[in-house]
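Please read the following explanation alongside the sequence and the three-dimensional view.

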Amino acid sequence: MDNWIKLPGCQHITGSKCDFFPLINFYEEIKFRVRAEEENSTSSWYYVDPFIPFQKARLGPPEVRLEAEDKAVIIYLFRPGKRDGTSIWDMDALSFEFSLVFWENSSHGEEQEIKTNFYISKMYDLSTETTYCLKAKARLSWKVSAYSPVYCINTTAEHKLLPPENVTFGARNQSYVLTWEYRDVNVTFRAQWLHAFSKLTPWDNSNEWKQIPNCENVRTTYCVFPQSVFQKKEYYFRVQASDGNDTSFWSKEKAVQTEMYSTILPPVVSMKSTNDSLHVFVKAPKKQFDTFTYEIILWENASHTERKLVSKRSDIIIPGLKPLTPYCIKARVLLQDKWNKTSVFSAVVCEKTKPGAAASIPWVIPVIVILLLAVIAFCVMKLLWKCFNYVFFPVFKPPCSIEHFSEQPFGNLLLSTSEEQTEKCFIIENTQSVIIVEEPEETDEDYRKYSSQSSQDSGNYSNEDESLGNQISEALLQLKPQALSCPGELVLGLSSLGLHSS
Amino acid sequence: KENARLLISMSYPFPLRCLKDIKGFGLPQNILSYSWPVERNIKEAFYEISMQAFSIFSRHSPISIWKEEFLAQIKSGLSEQKEHLKRCLEEEKKQSKNMQVIQQSKLALRRYFQRIENYLKDKKYSYCAWKIVAVEIKRCFSYFLKFTELLRENQVSF
């Protein structure tokens, strides 16, 4: 069932303790069993409660190495455990926290307590030729080690060349500028940089400091280098002085988050004017950022009152402006990061608005005139059509016998005469008209319906032969429901012949 | 998310000749499903992943597959992420009682990353081995990002 393995280094032990080289998985549960052996007899196994080595392991103290300068001490820390890749703490190398206690080894030496995550620290502003001591303990989440033994060191005599001071970082146009202070002249400087994350790695990072371009052997107390050299991350900078023979110690390290200083290019603005508004186009220089907005300032060329607009979009329409007025705009990018950085303003662009709504009135009037003319023409056409029908469809008195049919259609009669004209419609009616005769009820409905509609259309209809006219129109109206395939005008014409309702 | 994007961008191109070296590392899935409080455990999981990924890229430099600047960018990103999560977790630890038990999720992730490191060592940090590890770590980020997004959709107060 279980494959018990002999633990190397813990065989044939005479004491009650053994150390073994951990060829085990630290994060898996492990079982141990022990028994006593004597000659040929063995005891039964004692089973240890299973446990996870990483959980049970206790933290040893860190190792310390000190290096002295004239007014500073460099502290090199090493995490507990072997550093050959077999330690249980290998995977936690970046999580260690160290508590240091640092004091001057004299009667009035105050203890300084420092907490740090860095494997290399430095204590500055110390006295020359003095003994300083340090002890350290390591912490990994809740596990805390005991203090290391005390380590002491003497600072050296004062060094001839002092290190540069007050290192500052800034941006100018598309470059970064590193400046420092130095009293003497006739020295050259060089500046170096380091990735911030290097400070957290326990591997020797002193050779990871790199030279900044344009910052070697400079005689000025500043150096300028392009922003493209660095990404938007955290870096450390340090400067050193040299007079040819001798070099100073390194200055205090300056931590810089370059994103805070990087310059944002301004956007490019263009405009188009419509009658009473301006269509603004803003183009960001490069897609560098996640969340940003544009700030647009608008003002009339003559006055100084400015209007501020904020927009996320790159094309904006500004309405409600005065026509035929020159307006000017400028824009800048507003970043919504933690530093609320902005770019400089773009170049100013001016544009005159087009003639406004007042000028647009003139073209409304002709439209209205045209509409009126169309209505008049329409009425004239209607009248002509009535006359036309009157001429070509002569009114005739029906035989007296037919008059008795009060609302009977004269579809037959009409059909015979109008067949000459619009065959399409009336051919259909030909068949239908028979039905109409047979079903008077339907026709009644239609008649009533359409009479109310067409009563308005009477217009200049002559009152001659009114009664017959009524009857004819009745017939015509009855045709309307079936005459759906007719051209619209014909239908309209038919209904317009309609009634002045009685 | 930016780190995942970076890793994704550098997993391609994947040379076909490396396909023979592909190995399943057994990404621990569902380790967060049953643990409570879920929000804190996700943060711890991401902290662990960021830290271990950084550690792998830092201790054994994959310069055979990535240019130095790009590797620095990845390491910076991972380091920032890890530090940010560390601060978040420290604040939470102050509020809640300090539990002296190591979460199962953390142990599972450790074992997973151990498998990755052992693989690299066995393959002697070859080009193909690094390529495969890069893809695997990208997968790991993607998986947990997706998991987080799903949780966010299901829980209103996330």
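**From the interface to the sheets**

B:Lys86 and A:Glu97 form a salt bridge in which the closest N and O atoms are 3.9 Å apart; the term denotes a side-chain nitrogen of Lys or Arg within 4 Å of a carboxyl oxygen of Asp or Glu. This is a predicted model, in which local features need pLDDT of at least 70 and side-chain atom pairs count only at pLDDT 80 or more, while totals for chains, interfaces and linings use all residues. Residues are numbered from 1 along each chain as its sequence is written, chains are lettered from A and ligands numbered from 1 in the order in which they are written, and side-chain values use heavy atoms, with hydrogens and water left out.

Between chain B and chain A the count is 2 salt bridges. A network of salt bridges also links A:Asp92, B:Glu48 and B:Arg110. The contact, meaning heavy atoms within 4.5 Å, takes 34 residues from chain B and 26 residues from chain A. The area buried between the two chains is about 2,600 Å², with carbon and sulfur atoms giving 55%; buried area is the accessible area (1.4 Å probe) that two parts lose on being put together, summed over both. B:Ile102, B:Arg110 and B:Gln114 supply 21% of the area that chain B buries against chain A, more than any other three residues.

Over all chains, a search of the whole structure finds 18 salt bridges. One of them lies within chain B, where the side chains of B:Glu117 and B:Arg59 meet at 2.9 Å, N to O. B:Glu117 lies in helix H4 (residues 104-122) of chain B and B:Arg59 in helix H2 (residues 38-59) of chain B, so the pair ties together parts that are 58 residues apart in sequence. B:Glu117 counts as buried at 13% relative accessibility, whereas B:Arg59, at 24%, counts as partly exposed. Here buried means under 20% relative accessible area, exposed over 50%, and partly exposed in between (1.4 Å probe, protein chains only).

Chain A contains 8 helices and 26 strands, where helices (H or I, at least four residues) and strands (E, at least two) are DSSP runs numbered from the N terminus. Of its 502 residues, 38% are buried. Within chain A, A:Glu295 forms a salt bridge with A:Arg332, the closest N and O atoms being 3.2 Å apart. A:Glu295 lies in strand E22 (residues 292-300) of chain A and A:Arg332 in strand E25 (residues 326-335) of chain A, so this pair ties together parts that are 37 residues apart in sequence. A:Glu295 is buried, with a relative accessible area of 6%, while A:Arg332 is partly exposed at 22%.

Two sheets of chain A complete this tour. In one, 4 strands form an open antiparallel sheet in the order E16-E15-E18-E19; strands pair if DSSP finds at least two bridges between them. Strand E16 (210-218) and strand E19 (254-257) of chain A are the edge strands, each pairing on one side only. Strand E15 (residues 188-195) and strand E18 (residues 234-242) of chain A pair over 8 bridges, and A:Trp193 stands opposite A:Phe237 in E18(A).

The other is an open antiparallel sheet of 3 strands in the order E13-E14-E17 (chain A). Strand E13 (165-172) and strand E17 (222-226) of chain A stand at its edges, each with a single partner strand, so one side of each is left without a neighbour in the sheet. E13(A) and strand E14 (residues 175-181) of chain A pair over 6 bridges, with A:Thr179 in E14(A) as the bridge partner of A:Thr168.
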